[in-house]
Amino acid sequence: MLLSAHELGLGFGTAEPLLQDIDLHLAEGQRLLICGATGSGKTTLMMALAGIIPQISPIAHLSGTVALDGQDVTAMSRDDLFSRVGYVAQSAEDQLWDLSVEDVIAFPLENRAMPRDEIRARVRFLMEHLELTELAGRRVLSLSGGERRMVVLAAALAPRPRLLVLDEPTTGLDPAARQRLCR
């Protein structure tokens, strides 16, 4: 099983947890869509499934388990976890700095000390595959919202993660970009 959650409960210290008794299983190659009303806990669940909660963002109430490849995400090192999980936040701006498009895509690879020629090849491949070559050399904060989202997606894909968690992935994308995302 690629990803599993068992009796997962998440809350912010209120009387009732936001989410409770979540059980799900995702095999390699499967896709899972989580939908619900605004404020229903979708983003919180996505962050827990990606290991961001609790590895980066602590939460008042956490119960149950989330496992990636059978290993509890709370027991994994951050490096191991985040080399296996790619995450795109609901707001792409939360994952951006005022860097060039290429630098944003290369960042997760540079953090893993990948050789420079391999980084350049991977960045080039992703820019071509996601049709981002026309953005080469531009500062990310000068891009439209949809362009920023596609750059963040390329950065999430850069280290070839086993699991990709996308929160509101089509927000701000034009129809052509939505098709590229689906591919």
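Guide: Grid points are joined across faces, edges and corners, and a volume is the space filled by probe spheres set on the points. This is a predicted model, where local features need pLDDT of at least 70 and side-chain atom pairs count only at pLDDT 80 or more, while totals for chains, interfaces and linings use all residues. Residues are numbered from 1 along each chain as its sequence is written, and side-chain values use heavy atoms, with hydrogens and water left out.

Visitor: How much space lies in the largest pocket?
Guide: Its lining has 36 residues, with R31, L32, L164, V165 and L166 nearest the centre. The volume comes to about 1,100 Å³.

Visitor: How do the residues of that lining divide into nonpolar, polar and charged?
Guide: Ala, Val, Leu, Ile, Met, Phe, Trp, Tyr, Cys and Pro count as nonpolar, Asp, Glu, Lys and Arg as charged, and the others, Gly among them, as polar. On that scheme, the lining of the largest pocket has 22 nonpolar, five polar and nine charged residues.

Visitor: Are helix 4 and helix 6 roughly parallel or roughly antiparallel?
Guide: Helices are DSSP runs (H or I, at least four residues), numbered from the N terminus. Axes are lines fitted to C-alpha atoms over the stretch in contact, with angles from 0 to 180 degrees between N-to-C directions; under 35 degrees counts as roughly parallel, over 145 as roughly antiparallel, 65 to 115 as roughly perpendicular and the rest as oblique. The axes of helix 4 and helix 6 are 7 Å apart, at an angle of about 30°. That makes the pair roughly parallel.

Visitor: Which residues of helix 6 meet helix 4?
Guide: Contact here means heavy atoms within 4.5 Å. Helix 4 brings V101, V104, I105 and P108, and on the helix 6 side they meet V151, A154 and A155.

Visitor: What is the orientation of helix 4 and helix 5 to each other?
Guide: Helix 4 covers residues 101-111, and its axis comes within 10 Å of that of helix 5, crossing at roughly 130°. The two helices are therefore oblique.

Visitor: Where is the cis peptide bond?
Guide: P54 is in helix 2, residues 52-55. With omega about 5°, the cis bond joins I53 and P54.

Methods: 1 Å grid on protein atoms, 1.4 Å probe; cavity = no way out; pocket = protein on both sides within 12 Å on 5 of 7 lines; lining within 4 Å.
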